[in-house]
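Dear colleague,

I am passing on a structure for you to look over, and my notes on it follow below the entry. Please read them beside the coordinates.

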Amino acid sequence: MVIPTYPSEEDVPGTEDTSVEHMARVAHRLKYIPGTRSIETAKIDLIDRQSNVRTITFEPVLLFNMKGLGYLHPVWKQGTWHGELEIGSDSFDPESLDLEDPHNLHVQQVVRVSDGSREGIGALEHLCLGSYAPYGLTGISDGAK
């Protein structure tokens, strides 16, 4: 669904917002940076119940690797108990990460976003593990060809 924004909390309607647009389906078109599973460009097609298509385009500006934030970490993954006062840290050079290592696949990218009439800035969080035929991905973490 497409949900409108409101100037203030008081402007949000009650339980039923008639300005919400319900979509029939969504399709994605991703282009990966060769040799990685990071997005070079992304397009999301929102198809409404009358088959009208609204395309949202994402243009990455900056890559932020989620390494060390709990996701896929071999020791400090989220939800693991290490004791009441246990702490730890990692140090790594983001420029020298192996982008095909499964521990380095989860990323967020600062993106320019446009639907053709409006533009903005956002974040695109992405993690694709395993093979995915539509994009030619094989294995657990191989990069795009």
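**A buried aspartate and its salt bridges**

Aspartate 142 counts as buried, with a relative accessibility of 13%. Please keep in mind throughout that this is a predicted model. The partner of aspartate 142 in a salt bridge is lysine 145, and the closest N and O atoms of the two lie 3.5 Å apart. Lysine 145, by contrast, counts as exposed, at 78% relative accessibility.

Side chains of opposite charge can pair when their charged atoms come close. In one of them aspartate 115 meets arginine 54, with a distance of 3.0 Å from N to O. Because aspartate 115 sits in the loop between β4 and β5 while arginine 54 belongs to strand β3, this pair ties together parts that are 61 residues apart in sequence. Aspartate 115 counts as buried at 18% relative accessibility, whereas arginine 54 is partly exposed at 23%; the cut-off for buried is under 20%. The other joins lysine 31 to glutamate 40, whose closest N and O atoms are 3.3 Å apart. Here both residues count as partly exposed, lysine 31 at 46% relative accessibility and glutamate 40 at 31%.

**The fold**

The protein has 5 strands and 0 helices, so that, in the notation of elements from the N terminus on, it reads β-β-β-β-β. The strands make up an open sheet in the order β1-β2-β3-β4-β5, with antiparallel pairing. β1 (23-32) and β5 (119-126) are at the edges and have a single partner strand each, so one side of each is left without a neighbour in the sheet. From one strand to the next, the twist averages 30 degrees.

Strand β3 (residues 53-65) runs antiparallel to strand β4 (residues 107-114), and 8 bridges join them; within this pairing, proline 60 has valine 111 of β4 as its bridge partner. β4 and β5 are likewise antiparallel and joined by 8 bridges, with valine 107 standing opposite histidine 126 in β5.

**Loops and backbone angles**

The hairpin of β4 and β5 has 4 residues between the strands, and in it glycine 116 takes a positive phi near 95 degrees. Serine 51 has a positive phi too, near 70 degrees, although it is a residue other than glycine. Serine 51 is placed in the loop between β2 (39-48) and β3, and with a relative accessible area of 55% it is exposed.

**Surface and overall dimensions**

On the surface there is a nonpolar patch formed by Phe64, Leu69, Tyr71, Leu72, Leu127, Leu129 and Ile140, which together have about 610 Å² of accessible area. Of these, phenylalanine 64 is found in strand β3 and is partly exposed, its relative accessible area being 47%.

As for the whole chain, the radius of gyration is 19 Å, while a compact globule of 145 residues would have one near 15 Å. The C-alpha trace spans about 50 × 45 × 25 Å along its principal axes, and 26% of the 145 residues count as buried.

Terms used
Residues numbered from 1 in each chain as written. Predicted model: local features only at pLDDT ≥ 70, side-chain atom pairs only at ≥ 80, totals over all residues. Heavy atoms only, no water. Pairing = 2+ DSSP bridges. Helix = DSSP H or I, 4+ residues; strand = E, 2+ residues; numbered from the N terminus. Axes fitted to C-alpha atoms, helices over the stretch in contact; angles between N-to-C directions. Patch = residues over 30% accessible without salt bridge, like charges linked within 9 Å, V, L, I, M, F, W, Y side chains within 5 Å. Areas by Shrake-Rupley, 256 points an atom, 1.4 Å probe, with all protein chains shown as cover. Salt bridge = Lys/Arg side-chain N within 4 Å of Asp/Glu carboxyl O. Buried < 20%, exposed > 50% of the residue type's maximum accessible area, 1.4 Å probe, protein only. Rg over C-alpha atoms; globule rule 2.2 N^0.38 Å.
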